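Please read it alongside the structure shown next.

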Amino acid sequence: MKTITFPLLIITGILAIQACKKGYLDIVPDNVATIDNAFANSIEAEKYLYTCYTYLPQEGHPDKNPAFSGGDEAWTYWPMTEDYFFLDPYNIARGNQNRSNPYMDYWHGFDNKTLWQGIRTCNIFLENIDKVADLQPYIKERWIAEAKFLKAYYHWYLFRMYGPIPVVDKNLPVTAAPEDIKVYRQPVDSVINYIANLLEESAAGDDNTGLPMTITSTSTELGRVTKVAALSIRARVLVTAASPLFNGNTDFTGLKANNGVALFNTQYDPYKWGRAAEACKKAIDMASAVGIKLYYFNDALYAVDPATKVEMNIRNAVCEKWNSELIWGSTASGNPTYWIQLFAIPQLDPNNLNLNLKGKLAPPLKMAELFYTKNGVPIEEDKTWNYADRFKLRTVTSLDTGMQVGYQTVGLHFDRERRFYADMAFDGSKWFMKNGNYNIQSKSEQHTGKKQSRLYSVTGYYTKKLVNWNLVFTANSTTVESYPWPVMRLADLYLLYAEALNESGDPSTALSYLNQIRARAGLSSVENAWSAWSTKPGKYTTVEGLRDIIRQERLIEMAFEGSRFWDLRRWKTAPQVFSAPIYGWDILQTTYADYNRKVLLYTPRFVAPRDYFWPIREYNLQINPNLVQNTGW
């Protein structure tokens, strides 16, 4: 596998973008690239609607989503000469972001996409759909709702990356004066309200109006948006808006548009949390009404032991195609999780070396320390767990699940919650697949370990959670069952709701949703766990204490799903967490004692407030002087 690059779509202004051309979008007859042809009939109009979807970033791709390798959740060897598509996220993680040619620049163009072009395409669709004469009214309503959703989502994606952005609700005509094209960035609250209102519009109507409640034509429509998806993304938007990065943040007091308008409201507004909670509840109620529920592995179809069943509760909530928990799954590219599975899975079989199994998406030691003990509390709080000796070797016995009996590994890997063993693999652990149970042995020269300049984990850990248990390989072949990337699943929505409830004065309801997620992971309630096992038994009884619990629960449940990267930013804890050193094990060693030594791999640096947002490319600032650069860039 060689480096894969694509040309950037260069734009000379945010709105001065030419209409789409045949060959790139394939929406009109040959050599007649006109809007009239694109909306001549329902068939051509539907093609144009699908074009609106093509701008969705491939969020399940390891090199196209900054949240996989652009933060501290996964690390890899450096420099890389093979086994990558883009080096952009790795450069972001290493602090090499810049303003002249920003990495993963979805504003100007990345992966052959600029999201402003996506917004423009949605606007063209909305402005011309009335021209289609042979379109049933209920189909027209649905398509309009889909285009509105996508337009809102592209604004949201840009907002999360760049902060306050221009709002492009209408396309300007190509005859517009140059000054009309030079738009301004809008204040945070204005952008949020625009996105939230547009998402609410897209979800409007009864069961038979606008977006469907569920996708019924599973052979042709999976991946298209539903009412539940629209309301759930709206909930995420409003929880983000209520979070510290955007609610009462004084770090960006000096960031003003060139017309003098302040882009950040520095006054904290508790109402935003209440609004977010209401949005979450509305989405949850609708999800429940259509049968969306937390996923549980069906061991009646495939018998497993109790520990493995809980592990598969976790893994298949992500990896089982179109499972009961999925609210919106991305099908971008057709095989949305093909590459992330190959980046995550190591060489499992000592008798079958397969060069497709990269095993390079490596969690650092900090991720191993994040998960709870088997008692459901943090490792540093559990009064029965030996935190001081967590780096000392122990021998695995038959009472220790998830590991190889007789093997030696550090105390850190013993007596942990099931999500730890479901999400991560390490030297001495086991890896359950549908076709068998594999032993992970990753010291130097062992089958899972480093034997060459590639195909290994630089930390000694592997992201088991992302690999579908149906993946099959031999020495000469690999069969990957790609699953839709879970842009939103129910556990995510429950956690957002719990967070908003705690901040808006309803901790008891927050705990009830938190405890549903814990129960699925085989843990007792927060109240029971902290009361019985924690050195801080009353922690959950205060807003501040429950906030810490909810945040850690979220970081654990959503680990390796692209959530941590954005959560640490919106909580304003990124400078402390992202600047912490990256450690792994001494993977070049062959003995238990030598291998199980902490090794410093890198010390990243998150510069606040600069690194909270992407820089706007200098070229775009020159083309449109009404734009202003983000603080620190």
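In the residue classes used here, Ala, Val, Leu, Ile, Met, Phe, Trp, Tyr, Cys and Pro count as nonpolar, Asp, Glu, Lys and Arg as charged, and the others, Gly among them, as polar. By these classes, the lining of the largest cavity has 14 nonpolar, four polar and ten charged residues. The model is predicted: local features need pLDDT of at least 70 and side-chain atom pairs count only at pLDDT 80 or more, while totals for chains, interfaces and linings use all residues. Residues are numbered from 1 along each chain as its sequence is written, and side-chain values use heavy atoms, with hydrogens and water left out.

**Cavities**

- On a 1 Å grid over the protein atoms alone, a cavity is a set of points where a 1.4 Å probe fits but cannot get out; a pocket is an open set with protein on both sides within 12 Å along at least five of seven lines; lining residues have an atom within 4 Å of a point.
- Grid points are joined across faces, edges and corners, and a volume is the space filled by probe spheres set on the points.
- Six cavities of 30 Å³ or more are found in a search of the whole structure.
- The largest cavity has a volume of about 330 Å³ and is lined by 28 residues, with R160, R236, G562, S563 and W566 nearest its centre.
- At least two lining residues of the largest cavity come from each of α6, α9 (227–242), β10 (485–489), α15 and α19; helices (H or I, at least four residues) and strands (E, at least two) are DSSP runs, numbered from the N terminus.
- β10 gives the largest share of that lining, five residues.
- The second largest cavity has a volume of about 270 Å³; 20 residues line the second largest cavity, and G70, I92, R569, F606 and D611 are the closest to its centre.
- The lining of the second largest cavity comprises ten nonpolar, five polar and five charged residues.

**Largest pocket**

- The largest pocket holds about 650 Å³ of space, and of its 24 lining residues L370, E380, Q552, L555 and V577 are the closest to its centre.
- Helices α13 (365–370), α18 (543–557) and α19 (564–570) each supply at least two residues of this lining.
- Twelve nonpolar, two polar and ten charged residues make up the lining of the largest pocket.

**Helix packing**

- Axes are lines fitted to C-alpha atoms, for helices over the stretch in contact, and angles run from 0 to 180 degrees between N-to-C directions.
- Angles under 35 degrees count as roughly parallel, over 145 as roughly antiparallel, 65 to 115 as roughly perpendicular and the rest as oblique.
- A crossing is left-handed if the near helix is turned anticlockwise from the far one by less than a right angle, and right-handed if clockwise.
- Helix α15 (residues 490–503) packs against helix α16 (residues 507–520) at an angle of about 155°, with their axes 8 Å apart; the two are therefore roughly antiparallel.
- The crossing of α15 and α16 is left-handed, and their contact (heavy atoms within 4.5 Å) includes Y494, L495 and L501 of α15 and Y513, L514 and R520 of α16.
- The residues of this contact between α15 and α16 divide into eleven nonpolar, three polar and one charged.
- α16 also packs with α18, at an angle of about 30° and with axes 11 Å apart, which makes α16 roughly parallel to α18.
- This crossing of α16 and α18 is left-handed; among the residues in contact are L514, I517 and R520 of α16 and L546, I549 and E553 of α18.
- The contact of α16 with α18 has seven nonpolar, no polar and four charged residues.
- The axes of helix α5 (residues 115–128) and helix α6 (residues 137–162) come within 9 Å and cross at roughly 160°, so α5 and α6 are roughly antiparallel.
- The crossing of α5 and α6 is left-handed, and the residues that meet include W116, I119 and F125 in α5 and W143, Y154 and L158 in α6.
- By class, the contact of α5 with α6 divides into 13 nonpolar, three polar and two charged residues.

**Backbone geometry**

- W78 and P79 are joined by a cis peptide bond with omega of about 0°, and P79 is in the loop between α3 (66–69) and α4 (88–93).
- D83 is also placed in the loop between α3 and α4; phi of D83 is near 60°, a positive value in a residue other than glycine.
- The peptide bond from A608 to P609 is cis, with omega near 0°, and P609 lies in the loop between β12 (598–602) and α22 (618–623).
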